[in-house]
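Please open the structure in your viewer and keep the selection tool at hand.

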Amino acid sequence: MKVNQKIITMDKKEVSYTHIQNGGSTICFMLSGSGYTYEKPLFYYSTMTMLENKRDVVHIHYSYEKDILNLPVEKITDIMAKEIIPIVEDVRENSHYTEMMFLGKSLGTIPLIHKLMKTSMYKDSPLILLTPLLDFDSIVESLLTGDHQTLIIIGEKDVHYTQEAIENIQDKSNIEIEVLPNANHSLDANPTSTSMSIKILNQVTEKIEEFLN
């Protein structure tokens with residue numbers, strides 16, 4: 001296994017990414033949430049699941065002010081896409097992958113839903129959306145109009161979970177939804193339970209593995 005880190009400068013801002021290579025022909029780009037970084041359980045075990053299933057992984061390391069989620073979704077998308085797409089293209093140009101896929105959590109799902117789903121270059125790239133912000137109407141609208149094969153995993157106790165949104169998108173043939181009872185926005189157990197949180201994490205990784213296969 002090879003692990004390389006690279007820095008790209010865009011508009012005088014440096015953004016780095018970590019490229020984990022395990023000999024796969026498919027690359028999975030991962031986009032973290034606000035405050036939920038790649039060493040935390042969801043991303044650590046999602047990365048391990050990808051590598052075990054012969055997918056290489058790229059962790060994109062961006063950082064924003066905490067109040068970014070107060071901006072309009074379109075503005076968030078523009079800010080993030082300007083950093084993410086050059087990294088995706090840099091990896092594509094310097095590698096020989098035959099397929100791409102994307103996995104994002106929370107904040108990281110916004111550019112996937114609002115930009116990549118609408119870009120023909122990535123039209124065949126599957127999406128894994130962990131805890132997307134389903135209480136944003138524009139997020140649901142984009143999911144309803146998108147054609148990507150998509151897996152959504154969200155907790156029933158997530159502050160961004162809405163039953164109405166689930167009902168609106170559950171009939172889309174290209175979208176698979178896994179709602180986890182008693183799971184919060186970090187996909188930890190609510191109320192707090194270590195053993196239950198581990199079970200939830202196991203459910204998440206099993207669902208991702210099913211989606212890959």
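Select L187 first. In this predicted model, L187 is buried, with a relative accessible area of 3%. L187 lies in the loop between β8 and α6. The phi angle of L187 is near 60°, a positive value in a residue that is not glycine.

Next, select N182. This residue is also found in the loop between β8 and α6. N182 is not a glycine, yet its phi is positive, at about 65°. Is N182 buried, partly exposed or exposed? N182 counts as partly exposed, because its relative accessible area is 36%, and the buried class requires a value under 20%.

Now select N190 and P191 together. The peptide bond that joins them is cis, with omega about 10°. P191 belongs to the loop between β8 and α6.

The structure holds 7 salt bridges. Side chains of opposite charge can pair when their charged atoms come close.

Select E176 and K207. Their side chains meet in a salt bridge, with 3.1 Å from N to O. E176 is in strand β8 (residues 175-180) and K207 is in helix α6 (residues 194-212), so this pair ties together parts that are 31 residues apart in sequence. E176 is partly exposed, at a relative accessible area of 31%. K207, by contrast, counts as buried, at 14% relative accessibility.

Keep K207 selected and display its surroundings. Leaving out residues up to four places away in sequence, K207 touches L151, I153, E176 and E178.

An α-helix has 3.6 residues a turn, so residues three or four places apart point the same way. E210 counts as exposed, with 52% relative accessibility.

For another pair, select K123 and D124. Their side chains form a salt bridge of 3.3 Å, N to O. Both K123 and D124 are exposed.

**The nonpolar core**

Select F29, M50, I60, L103, I128, L143 and I208. These residues have the most contacts inside the largest nonpolar core, which has 68 residues. Helix α2 (residues 73-93) supplies the largest share of this core, 7 residues.

Focus on I208. Apart from neighbours within four places in sequence, I208 is in contact with S46, T49, M50, L103, I128, L151 and I153.

While helix α2 is in view, select D90, which has its place in that helix. D90 counts as buried, at 14% relative accessibility. With neighbours within four places in sequence left aside, its contacts are K6, I8 and Y17.

**Helix α4**

Select residues 137-145, which form helix α4. Which residues of this helix are buried? They are S138, I139, V140, S142 and L143. The buried residues of α4 pack against α2, α3 (109-114), β6 (127-130), β7 (150-155), α5 (163-169) and β8.

**Helix α1**

Select residues 41-52, which make up helix α1. This helix has 12 residues and reaches 16 Å from its first C-alpha to its last, close to the 16 Å expected at 1.5 Å a residue. The buried residues in α1 are L42, F43, S46, T47, T49, M50 and L51. Among the elements that cover them are β2 (13-21), β3 (26-31), β4 (55-61), β5 (99-105), β6 and α6.

Follow the chain beyond the helix and select K54. This residue follows α1 and has a positive phi, near 65°.

Finally, return to helix α1 and select Y44, Y45 and M48. What do these residues form on the surface? They form a nonpolar patch, with about 290 Å² of accessible area together. Y45, which lies in α1, counts as partly exposed because its relative accessibility is 40%.

Conventions: Residues numbered from 1 in each chain as written. Predicted model: local features only at pLDDT ≥ 70, side-chain atom pairs only at ≥ 80, totals over all residues. Heavy atoms only, no water. Patch = residues over 30% accessible without salt bridge, like charges linked within 9 Å, V, L, I, M, F, W, Y side chains within 5 Å. Areas by Shrake-Rupley, 256 points an atom, 1.4 Å probe, with all protein chains shown as cover. Salt bridge = Lys/Arg side-chain N within 4 Å of Asp/Glu carboxyl O. Helix = DSSP H or I, 4+ residues; strand = E, 2+ residues; numbered from the N terminus. Buried < 20%, exposed > 50% of the residue type's maximum accessible area, 1.4 Å probe, protein only. Core = buried A, V, L, I, M, F, W, Y, C linked by side-chain atoms within 4.5 Å. Contact = heavy atoms within 4.5 Å. Expected span 1.5 Å × (residues − 1).
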